[in-house]
Amino acid sequence: MRVRKENITVPETDKLTGLLNRRSFCEAVDRTIQAEPEWAAEGGFAVICFDVIRFKAINELFGTRRGDKLLQYIASVLSAELDGQAYAARINADRFAVFMRHENGEPERLLERLSAAVTGYDLPFETTFNAGIYVTCVEMLTADAMMDRANLAQATIKGSYTVK
């Protein structure tokens with residue numbers, strides 16, 4: 001007997017956080033951009049990339065189990081904050097990406113809510129993150145290229161704790 005398998009893309013998730021993995025995130029972002037090119041061209045979407053400041057120190061001081069719990073906590077906050085039109089992924093280690101509509105300052109408000117949650121996380125010192133945002137424009141980029149641009153924006157504030 002022969003069995004034919006259909007080529008169906010099933011989103012793959014990060015095993016630790018349950019968020020999308022990088023490949024599934026990029027596929028979802030690219031599909032959304034292709035489905036709504038006019039909205040994208042008018043700045044209708046944003047890609048946010050962020051990572052936890054001093055995450056390596058957290059792992060070294062408190063162990064990887066505690067570091068993993070922080071990553072899971074961040075994932076739970078993202079999942080609770082985002083609606084069905086947004087995607088979140090753990091890219092690797094402590095790096096995350098979010099794709100969402102860019103309306104009414106919502107990406108910035110998401111970062112404020114996430115910052116409040118992460119800052120209040122149960123560690124003996126304040127935990128926070130650096131983030132960069134890329135807003136779509138007429139130039140149609142792939143999800144990878146948009147993340148690169150968001151990472152470039154993030155790199156301009158690395159090490160500066162006063163830039164908002």
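1. In this predicted model, helix 4 (residues 64–81) and helix 5 (residues 106–119) have axes that come within 10 Å and cross at roughly 145°. Axes are lines fitted to C-alpha atoms, for helices over the stretch in contact, and angles run from 0 to 180 degrees between N-to-C directions.

2. On the helix 4 side, the contact (heavy atoms within 4.5 Å) involves Y73, I74, V77, L78 and E81, which meet L110, R113, L114, A117 and V118 of helix 5. By class, eight of these residues are nonpolar, none is polar and two are charged. Here Ala, Val, Leu, Ile, Met, Phe, Trp, Tyr, Cys and Pro count as nonpolar, Asp, Glu, Lys and Arg as charged, and the others, Gly among them, as polar.

3. Helix 4 also packs against helix 3 (residues 55–62), at an angle of about 135° and with the axes 6 Å apart. The two helices are therefore oblique to each other (angles under 35 degrees count as roughly parallel, over 145 as roughly antiparallel, 65 to 115 as roughly perpendicular and the rest as oblique). Helix 3 contributes F55, I58, N59 and F62 to this contact, and helix 4 contributes T64, R66, G67, L70 and L71. The contact of helix 3 with helix 4 comprises five nonpolar residues, three polar and one charged.

4. Q154 belongs to helix 6 (residues 143–155). With a relative accessible area of 1%, Q154 is buried (under 20% relative accessible area; exposed is over 50%, partly exposed in between; 1.4 Å probe, protein chains only). Its side chain is joined to that of D51 by a polar contact of 2.7 Å (a pair of N or O atoms within 3.5 Å; within protein, one must be able to donate a hydrogen and the other to accept it, and residues adjacent in sequence count only if both atoms are side-chain atoms). Beyond neighbours within four places in sequence, Q154 touches C49, F50, D51, R95, N130, A131 and G132.

5. The protein chain has six helices and four strands (DSSP runs numbered from the N terminus: helices are H or I, at least four residues; strands are E, at least two). Their order along the sequence is α-α-β-α-α-β-β-α-β-α. Of the 164 residues, 43% count as buried. Among contacts between residues at least 6 apart in sequence, 68% join residues at least 24 apart.

6. Residues are numbered from 1 along each chain as its sequence is written, and side-chain values use heavy atoms, with hydrogens and water left out. Local features need pLDDT of at least 70 and side-chain atom pairs count only at pLDDT 80 or more, whereas totals for chains, interfaces and linings use all residues.
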